[in-house]
Every structure is written in structure tokens, then in C-alpha cells.
Amino acid sequence: MVLLICLVGVLAVGVATETPKPFVATSEWTEIKEGQSVPRGLHVRMNFQTGVKEAKLLSPEDQQDGSNAVLLTDDGSVKHFDKDAIDVNTMEQGLKNLATSKDTSETVSSKFRTMEELKESVKGYDITSEAVVMKNKIGELKKEMSDASIIIILEELEDLAHKFDNGKLMISNGWMESIVRHLHSQNEELYRAAVRVISAANSANPQVQKYCIEKGYLSILLSKVYKQKDNVAKSTTFGIASMIRNFPAALKHFNQLFGFTTLSSKLSISKSDALDRVVISLFNDLLEGDEFPEQKDKKEASRYMESSKQLLCKKILSILKSNGISDTTYEALILFNRIHESCATFKPQIKAKFSDNMELWSTEERERYRIDSQLAQIILNL
């Protein structure tokens with residue numbers, strides 16, 4: 001950062017043995033050569049990044065009445081003065097006093113506490129690292145306690161597990177096993193709390209994703225999702241998504257576990273708009289960018305999903321037949337755009353129903369849920 005000392009008036013630039021060319025000021029900062037005299041009324045500064053003096057013509061802002069210039073006097077007081085009162089001797093004396101002043105350092109140091117004072121101020125407080133907090137919480141989970149108490153601990157761990165390094169700590173210290181065992185709980189709230197911790201640790205954390213898949217945690221979630229109530233299945237789907245999103249290596253394993261078929265089947269019987277949105281959004285994420293050859297994992301996702309596309313097309317038609325409009329509607333239309341070639345049976349019905357709904361939905365509704373004329377044209381032209 002350039003430190004500026006702005007002076008208005010006459011600046012002495014030294015005595016040279018030869019008379020240099022006169023300084024010609026412009027609206028841009030120009031270096032003042034050794035011995036050059038500077039006309040009155042310029043804006044002068046010392047550029048401490050380059051070590052040279054510079055000057056330029058005053059801008060309108062610089063020519064406002066009054067001055068912010070100050071002087072540190074011999075007795076340590078600060079003196080404000082008018083721009084016309086500045087001269088070379090005043091400037092040099094002020095800089096000299098500033099450099100040698102003890103009051104400045106004493107004033108600054110008085111605003112901060114010493115290390116000893118800081119240590120004294122925190123006595124009596126429990127200052128513990130997050131790693132230690134997590135270790136203690138995991139230790140508590142191993143004790144006999146009520147489900148309600150376990151849920152509270154899991155919620156605290158969820159907040160910590162979102163951090164990248166804390167997620168890695170959960171697998172390196174074997175703490176994840178203490179969470180996963182609650183996936184077998186009959187208490188739905190306890191189960192969902194455990195899934196949220198797992199989801200938090202897996203989020204954008206490849207090491208944790210790889211660990212969980214290798215340990216079979218993805219398989220556990222997939223084995224449960226179809227038979228679960230819609231609200232519980234929504235949490236489970238979040239957990240599944242956290243393990244496979246942005247992790248191409250997981251796609252093949254997900255398909256081997258019949259993941260696409262399982263989620264598509266659950267979607268086909270879902271009565272929950274929220275669950276529909278979560279599942280369809282996941283499929284859209286896996287298919288996003290499928291038109292780019294370099295996205296090999298996206299191509300694989302489309303190929304793995306092939307056997308499920310008829311179920312998905314049927315679900316898209318069902319969503320449109322409800323006549324409602326929501327974020328799920330938007331996600332369903334995006335998915336239809338990506339898989340329409342496999343929807344030959346349902347495509348005419350989907351397009352016709354969508355056209356009817358466009359007449360029913362208000363302009364405000366369409367804008368709120370991003371179903372604009374451009375998307376409508378794309379869908380109707382498929």
C-alpha cells in the first residue's frame with residue numbers, strides 16, 4: 001500500500017550542482033528529479049514503495065478549503081495549521097519529531113495487553129481445541145444415555161464435522177463408527193441426526209467419501225431408503241448424495257449397488273415434494289455437463305441411469321399433472337431436458353401438460369421458480 005504524505009505549498013527538493021530542467025506538472029504523478037524546483041500549488045507526495053518524490057496538478061477535491069495537515073511539535077502536542085502556513089522548515093521539524101517521539105509508541109502499546117495480561121484474563125475459562133471437543137463428545141456417545149441426550153451430542157458434532165479438517169479427524173481417529181452404529185436405531189430422529197453428521201463430514205471431502213464407501217456406509221443407506229417414510233428417506237438421500245457428489249470414483253460403485261434404480265423406484269412412489277426435489281436434484285447434479293465429452297463421469301451417469309429413465313419420465317409427468325409449481329417443477333423440467341431422448345412414450349404428454357400449465361401459472365410464479373420463456377421454448381421444442 002502506498003503511504004502518502006500530501007503537502008500543499010512549497011517543497012524544497014535540495015540543491016544541485018547543475019540547474020536541472022524545470023519540473024513540468026501534469027494530472028498524473030511525475031517523479032521529481034534531484035534538485036528540481038517545484039512550483040507552488042501542486043500536490044506532492046513521497047512514494048514509499050519506489051522511494052521517490054512525486055508531484056501532480058491539484059484535482060478539484062484537493063483544492064477544497066481547509067487542510068488536514070498536522071505537525072507533531074517539540075512538546076509532543078499535535079498542531080493543526082492552514083495550508084499557507086506550511087514551509088520546508090516546518091515540515092522537516094515535524095518529520096524529525098515524529099521519528100523520535102516516544103509518546104507515540106507508548107500510546108500505541110497502552111491500547112494492547114501483554115501476553116501475561118491475556119493469560120491472566122482467561123483463567124477460569126475452558127479453552128479447548130475442536131479436536132479435543134470432538135474426542136470428548138465421541139467418548140460420551142459410548143456411555144449409556146437416553147436417545148434425547150445422544151441427539152444433542154450428534155447435533156453438536158454435526159456443526160463441527162462441516163469443517164474439512166474435522167471431517168478427516170473423524171476417519172483418522174475411528175470416530176465415524178460411533179456415529180454409524182446409530183444408523184440401525186429404530187428412533188427416526190436419532191437416525192436422522194446420525195445421517196446429518198455423516199453428511200456434514202462427507203461434504204466436499206474426498207478422503208471421507210472414499211472411506212465411507214469402502215466401509216460400506218453407502219450400502220447401508222441405500223438398503224434403507226426405499227422402505228423409509230418420505231421425510232426419513234429425504235435425510236437418507238442427503239447422506240447418499242454427500243458420498244457421491246463431485247466424486248466420480250463413487251459412481252460405478254453407486255451403480256453396482258443399484259443406486260440409480262433404488263432412488264428412481266423410491267421417487268416413483270414418493271408423496272413428498274421435498275423428497276422429489278432432493279432426488280431429482282441429485283440426478284441433475286450427476287448428469288450436469290453431460291454434453292461435454294471430457295466429463296466422462298457424467299457420461300457414465302447417463303449410461304448407468306438408462307434403465308431408470310422410464311420411471312423418471314413417468315414421475316416428471318406426474319409432477320406436471322399436479323398443476324402445482326415449485327422448485328421441484330423446475331428441477332423436473334431440467335431433468336426432462338437431459339433425458340428426453342429416452343422418454344419417447346411420455347414426451348408428448350409431458351410437453352402438452354407443460355404447455356397447459358404455462359397458461360395456468362402466473363408470471364410471478366414462473367419468475368419465482370425460474371421457469372422463463374427461454375426454458376419453456378427449450379422444453380416445447382424437444
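Take the contacts in this protein with a separation of 6 or more: 63% of them join residues 24 or more positions apart. What you're looking at is a predicted model. It has 20 helices and 6 strands, and buried residues make up 41% of its 382 residues. Here's a quick tour.

**The nonpolar cores**

- The largest nonpolar core holds 84 residues, and Leu 154, Met 176 and Ile 179 are the ones that touch the most other members.
- Helix H8 (residues 188-202) puts in the largest share of this core, with 9 residues.
- Another core lies apart from that one; it has 6 residues, including Ile 32, Leu 42, Val 44 and Ala 55.

- H5 covers residues 147-161, and at 1.5 Å a residue its 15 residues should span 21 Å; the end C-alpha atoms sit 20 Å apart, so the two agree.

**Helix H14**

- Helix H14 (residues 273-287) also gets a length check: its 15 residues reach 21 Å from the first C-alpha to the last, close to the 21 Å expected at 1.5 Å a residue.
- H14 is mostly covered, with 11 of its 15 residues buried.
- Those buried residues of H14 include Leu 275, Val 278, Val 279, Ile 280, Leu 282, Phe 283, Leu 286 and Leu 287. Asp 276, Ser 281 and Asn 284 are buried in H14 too.

**Where H12 and H13 cross**

- The axes of helix H12 (residues 249-256) and helix H13 (residues 259-269) come within 5 Å and cross at roughly 65 degrees.
- Angles of 65 to 115 degrees count as roughly perpendicular, so that's how H12 and H13 stand to each other.
- Which residues meet at this pair of helices? From H12 come Leu 251, Phe 254 and Asn 255, and from H13 come Gly 259, Phe 260 and Leu 263.

How values were computed: Residues are numbered from 1 along each chain as its sequence is written. This is a predicted model: local features need pLDDT of at least 70, side-chain atom pairs count only at pLDDT 80 or more; totals for chains, interfaces and linings use all residues. Side-chain values use heavy atoms; hydrogens and water are left out. A nonpolar core is a set of buried Ala, Val, Leu, Ile, Met, Phe, Trp, Tyr and Cys residues joined through side-chain atoms within 4.5 Å. Buried means under 20% relative accessible area, exposed over 50%, partly exposed in between (1.4 Å probe, protein chains only). Helices (H or I, at least four residues) and strands (E, at least two) are DSSP runs, numbered from the N terminus. The expected span of a helix is 1.5 Å times one less than its number of residues. Axes are lines fitted to C-alpha atoms, for helices over the stretch in contact, and angles run from 0 to 180 degrees between N-to-C directions. Angles under 35 degrees count as roughly parallel, over 145 as roughly antiparallel, 65 to 115 as roughly perpendicular and the rest as oblique. Contact means heavy atoms within 4.5 Å.
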